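Hi,

Here is the structure I promised to pass on. Have a look at it first, and my notes follow below.

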Amino acid sequence: MRRPDRLLAALAGALAAVTLARLPAAWESGNALNHVSGAWMALADDLARGTLYRPLHDPALGFGGTRFFPLAFALHAGLVRLGAPLLPAGLALSLGAGALLAVAAWALLRRLGLARVPAAAFAVLAAAGFAGQHALAAVRGDLLAVALEAAGLALVAGAPGPRRLAGAAGALVLAFAAKPTALTAAAAAATYLAVLGRRRAALALAAAVAAGSAAVVLATDALSSGRFLAILVACAAGGAGAGDLARSPLRLAHLFAVEDRGGAVLVAAALVALVLSARRMLRPAGGPRLDPGDPRLLPALWVGAALAGALAIFASPGTGVNHLLELEAASAVLLGACATTPGLAGAAARAGAPVAALAGVLVALSTWTTDRAVSRLAEIRGVLASAPAPLVSEDPLVPLLAGATPLVQDPWMLRLVSERDEGMARPLLEALRARRPAAVILFRDLADPGADAWYARGDLGPAVVAEVRRGYRLARRVGRYFVYVPADPARAPAAPRLAEASGAAAPEARAAVARSAAKAMAVPNAHPVPDRRPATPPAPAAPPARSPATPRATTTRVVVRPAL
């Protein structure tokens, strides 16, 4: 093994070791679990209890709205149905998806001609950016989607026969079911086959993925009684406007420069190697045609498709660093393919890969340090220790980790849908006017001059926040959370505290907590939404255990389904 290869192997091994070592602290702190993870967990929680995609508003369930596809949270719900607590089940699913990505990237690199050890080293680089480190400790669908994309491309690489093409189509359809923008890998695979001269195989793969993706959409819509497509129409664009596409490259550059510098090093190294490879990848005879025998071809197409997909994604407001994961995984594979080639491009790849690995080690160490110093889950425990029920939370994690059902599944989507239909938020506004929520948990101090701008363009919406400002006062701050309670104590409902629903309470007391909370929040359905669901028998009893704010302990599930 050459000296640069030994250096990369050592640094990649260090990156893998530090990543695995830091994960217990990441799980304990929950710092990767933001309110978006809360929305994913709420979808899994609803499905585990029999509801696939709650309506935009339902008197019994609360407020829905999402643009997330079902595969990841369906698997999560399946683990919950088998008895796993909600939070540990989601973290286990993310860890499994990370392992799948590592194996799939290794298999793809092996198909591209790398030996076992270099292939393993470059596969580890997929976790060199903050996006990869964050995904391993979060509860989202991105990691599973990218892992399935890499698996599909591994089956396409080389000269695939009919069975491998069928397997690739299946993996790419599953990737779409986890995240719709994962079709970028399918586009790269079909283009690759066409360049190889296998146009019939390219058309067959494209047709199979298209048919499978359509089947996923139609089946999901049917299983949700027509809610899935209606919700996508309302929420998929995220409020994007004409100017957002023009600002997308700036958003992408800002995320790399501010939030994911490790990923920036990895992607920059891959792009430099790709630019230096361009002359050799283009056959001089007959004009600029791609060389089908070049091992860099498939990963280069994946990087290009992933970059185009990222620019499209960041044209939508509300998107964040997690969407860099595919581009970073594709860049790791491209670096590995370039490193096997002679010339300046190969030298650049072999020099850039250890730098990217070192940057990844630094990202992992920095994240580990933060997780040992700050804990989002400890903050949530502090909120729940004194927060009365029922509550309205900008962060769905707060009620979920107390064992209650979040009234607002996705606060961003509530604001977005309410902008188009002011009546959608009317039941929540009426409940706030009547001071039915005993507490409102926000991310911003409403006395802060920047709060109005945040809620006008971000979560909940200005109407909801204005009603909180009129009738509630700031009672306490716990870390990033601001706890508001009714300004007039005489109008506040007599409600138990969510902390009283812990496993130490008697079953009768916990049932009383749930009934009291639901009764306190009950208001007429001021904005009825047609529901085409057939009548169903009552849902079975909830599993007896649910995770609180740490994966190490359990609490008994309390179902608080406020009627609004």
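L276 counts as partly exposed because its relative accessibility is 35%, and that class lies between the cut-offs of 20% for buried and 50% for exposed. Keep in mind that this is a predicted model. L276 belongs to helix 13, which covers residues 261-281. Together with V272 and L344, L276 makes up a nonpolar patch on the surface, and the three share about 270 Å² of accessible area.

Now for the inside. In soluble globular proteins, nonpolar side chains tend to be buried together. Here the largest nonpolar core has 115 residues, and the members that touch the most others are L108, F122, L125, L205, W302 and L335. The top contributor to this core is helix 15 (residues 325-339), with 11 residues. If you click on W302 and skip its neighbours within four places in sequence, you'll find contacts with L108, E149, A150, L153, A185, A188, E326, A329, A330 and V333. There is also a second, separate core of 49 residues, with I380, V398, L401 and L442 among them.

Last, the strands. Strand 8 (residues 481-486) is mostly covered, with 6 of its 6 residues buried. It pairs with strand 6 (residues 439-442) in the antiparallel sense over 3 bridges, and there I441 has V483 of strand 8 as its bridge partner. Strand 7 (residues 472-478) also runs antiparallel to strand 8, over 6 bridges, with Y472 opposite P486. The hairpin of strands 7 and 8 leaves 2 residues between the strands, and G479 there takes a positive phi near 60 degrees.

Cheers

Notes: Residues numbered from 1 in each chain as written. Predicted model: local features only at pLDDT ≥ 70, side-chain atom pairs only at ≥ 80, totals over all residues. Heavy atoms only, no water. Patch = residues over 30% accessible without salt bridge, like charges linked within 9 Å, V, L, I, M, F, W, Y side chains within 5 Å. Areas by Shrake-Rupley, 256 points an atom, 1.4 Å probe, with all protein chains shown as cover. Salt bridge = Lys/Arg side-chain N within 4 Å of Asp/Glu carboxyl O. Helix = DSSP H or I, 4+ residues; strand = E, 2+ residues; numbered from the N terminus. Buried < 20%, exposed > 50% of the residue type's maximum accessible area, 1.4 Å probe, protein only. Core = buried A, V, L, I, M, F, W, Y, C linked by side-chain atoms within 4.5 Å. Contact = heavy atoms within 4.5 Å. Pairing = 2+ DSSP bridges.
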